[in-house]
Amino acid sequence: MSRSSVSSPVKGPRHPPRAFLFYLIAAAALTGSCEDPMVLGVRAHELRDRLLAGDRSLVLSAPPERLAELARLGPGALYYAARAAGLGGDPEREAVLLDLASRKEAGLFRRRAWELLPEALYRKKDWPGLLAFSERQAQAGIDDYLPRRRRVEALASLGRLPETRAELDALAAAWPDRAARDEALLAGLRMRAAEDPGERAARIRELFALASPRTEDLEAALGAAEAPAAAQAAAPDAATGGADPSAFSEGELALFRMRLQIARRDYGAAYRALAPAQALLSPDLPRAYLSDAGKAYLYAPAPAEGIAAMTALETAAAQGSAGTPAQAGGEADPREALFIAVFYRARMLARLERKAEAAAEFGRAWELAVSGEDRDAAAWYRTDGLLPGGRREAAAWLARTAPSWHNPASFADILERLAREALLAKDGATLYTLRTEVAPRMSPRAAFRLVYLAGRAAEAGIAPPRASDGTAPDPGEYARQAFEEVRARSPEPYYRLLSAHRLGLPLVELPPSRPVEPRKPESRSARDLRRSGPDPEDYLAGFALYGLADLVPQEVRALEGSPDQPDPETLRRLAALLRDRGYPAASMLVVNRLFETPGYEASREDWELLWPRPWPAEVSASTAASGMEEHILYGLVRSESFFRPAVVSRAGAVGLAQLMPATAEETARRLRMGSYDLENPADNLRLGSAHFAGLLRALNGRVLPSVFAYNAGLSRMRQWERAAPGFPDDLLLESLSIEETRQYGRNVLWASVVYGVLHYGLDAEGALTGMLKDR
């Protein structure tokens, strides 16, 4: 394939805005003299022009000891070069440049360099450098949890163990809540910094008893635990003064090995490690050991053996539970052991396809659960075991357990599966139960999906059940109430749009125009600029001007809540700058922060920033050749790639229209394209629109099913159609077995309608019905 240059997404200014250019040049004039000094072997003006054009190759290839020369370019050069090095995967130059920026830059450049440098040093494991920087922070009066924790890690890595122990104690005393959240990391550090063999043994046991220790800490702890045992085996006569306090029994070491293999997800090795220690599985063990033993039996797999082990554990736990909670100090709670035994036995029964027994055991586990997380797990797995087939029993079970859910979001996937099965079976009774008894417990997003689905199904003939007195709800009224609820309260524009359509109400109402306010002229002198650094707008604009636009959205988030947080008009100007310089994805992410701000009233200009039209000439040429409508292509490409021409998905799809190479090759052959480049917008859009047009023809001009096929493939789309014969397209979407495709369909439909109304003057009803054809 040939490679050609990528065209600009939109026609717009390619030069820096006047305010930033004044800041950059006027402040740079104070760096020394009016001369044009040499910087990294070239004249300063030449290097500045190359950086402004996005060419960072000279900086990224310069010897680290010469990087200080960049200060001659003026304010910000060291800092932006550091961020470029980080983005380019060069931790050495990133750390050097951030260190220079933390010393030589001013204002926001200096503050952000101070915040980022310790993380850069940490990533490259420069422990002496990290420790030296922590001293600088202490001298500057900076005393926060994360810098202090990084200091502890550096001390431990350098082997300065007494200081490590003292800092660990100080950390836990000053920030107990944050230290508790970092329990796994700090436990590993305490183990490494133990003062003597006895303390080390206690720290090793403490580490292995944690619910989620770090794998690298388990590896180090196991190595330390095995060393004394190995030494004693080599010289048994040497141990004359009683057992070494740091030695562990073979059974305990076997449990340690099991936990390490579970952390590595090597379940066969975990099962083999557990074999010599099965007799030690008792309610006296910390919960983490019992849970990991259950996983070892379940996934090895050895479910029959695991059932026997869990039954023995249940018997022992039942004798010792007596409703007694765990004691302070982390002693084992027999009630938790009882839950683990019943829960994992249920999972192993399910593995053996003994579904009725598994369902009963999950019900018992739900009743035995001590914590909300355990109760949710038992409820979820029982529901999963009832499907497919036991829809009404599953719905009744969810309705029963919903009031006690600890984390309703964890049930979203199983609820969508149940709703989908009910829809395909035309089971209005189950949909009614989900809408009335389960949806009120869910998040608004999940709840109103269920409400819309139940109402739309009733409207399509899948009627709700009769009441106990024999009366049946009127399907039309039932549907109307559902649509009114969704239109008023759903957070998803897709469902609000469809509900308004079913109610015959206006679909998309564009907000009034409010032009972006121009920036006020810079009032600071060049000398003040040099001393105080940039304001937030100049700081953020500099990323775009140095080819670092992808960092702008995260920098906007980094400034939120600080005195430098940009105001809404700054964000609007910044989004417009990013769009005009050819960075639509970054522009959309920036303006989206405004849409997420409670109470913010978006303007038409904001909508145009959130739904931009990059590469208009290429889009027009592609749709003219394929017959695809422009607003649909824009909706599809925005949903596929967020207008990033070089993006490659995990599956290997490339470019704006996210084409798989095999699909592109086949389409190019059909179009007789001798060469193409999937990262070139013109080529990618031509191939993507032609591929979509082919799907459209294969599916008789039905747009939304063609969208599904574009995402999941034509053969799978035909399977879905056969499973849902006669379903209207919006209910067909709800019946699809792949969540990614369902959400993709929602995204493309909503975006296409917005593009049609906003940029092409289409009537919203016409744009929607053109995509959503009832069959």
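This is a predicted model: local features need pLDDT of at least 70, side-chain atom pairs count only at pLDDT 80 or more; totals for chains, interfaces and linings use all residues.
**Whole chain**

I listed the secondary structure and got 41 helices and two strands. I then took the box filled by the C-alpha atoms along the principal axes, and it is roughly 80 × 80 × 50 Å. The chain has 775 residues, and 50% of them count as buried. I looked at contacts with a separation of 6 or more, and 64% of these join residues 24 or more positions apart.

For the surface I have an accessible area of about 34100 Å², with 51% of that belonging to carbon and sulfur atoms. I also looked up the charges: there are 99 positive and 103 negative ones, and their mean positions are 3 Å apart.

**Aromatic rings**

I returned to Phe692 and looked for ring partners. The structure holds 34 aromatic pairs, and one of them is Phe692 with Tyr710. I recorded 6.1 Å centre to centre and 55 degrees between the planes, and the pair is tilted. Phe692 belongs to helix H36 (residues 681-698) and Tyr710 to helix H37 (residues 703-712), so the pair ties together parts 18 residues apart in sequence. I checked Tyr710 for burial as well: its relative accessible area is 9%. Tyr710 is buried because the cut-off for that is under 20%.

I also noted a cluster linked by ring pairs. Its members are Tyr79, Tyr80, Phe109, Tyr539, Phe543 and Tyr546.

**Helix H40**

How far apart are the end C-alpha atoms of H40? I found 30 Å for this helix, which covers residues 739-760. At 1.5 Å a residue, its 22 residues should span 32 Å, so the two values agree. I then asked how many of its residues are buried. The count is 16 of the 22, so H40 is largely enclosed by the rest of the structure. After H40 I came to Gly761, and its phi is positive, near 65 degrees.

**Ser735**

My last entry is on Ser735, which lies in helix H39 (residues 729-735). Ser735 has 5% relative accessibility and counts as buried. Which residues does Ser735 touch, not counting those up to four places away in sequence? I wrote down Arg420, Leu423, Leu424 and Ala724.

Note on methods:
Residues are numbered from 1 along each chain as its sequence is written. Side-chain values use heavy atoms; hydrogens and water are left out. Helices (H or I, at least four residues) and strands (E, at least two) are DSSP runs, numbered from the N terminus. Buried means under 20% relative accessible area, exposed over 50%, partly exposed in between (1.4 Å probe, protein chains only). Contact means heavy atoms within 4.5 Å. Accessible areas come from the Shrake-Rupley method with a 1.4 Å probe; for residues, only the protein chains shown count as cover. Lys and Arg count as positive and Asp and Glu as negative; His and the chain ends are not counted. The place of a charge is taken as NZ of Lys, CZ of Arg, CG of Asp or CD of Glu. The expected span of a helix is 1.5 Å times one less than its number of residues. Rings of Phe, Tyr and Trp (its six-membered ring) pair if their centres lie within 6.5 Å; planes under 30 degrees apart count as stacked, over 60 as edge-to-face and the rest as tilted.
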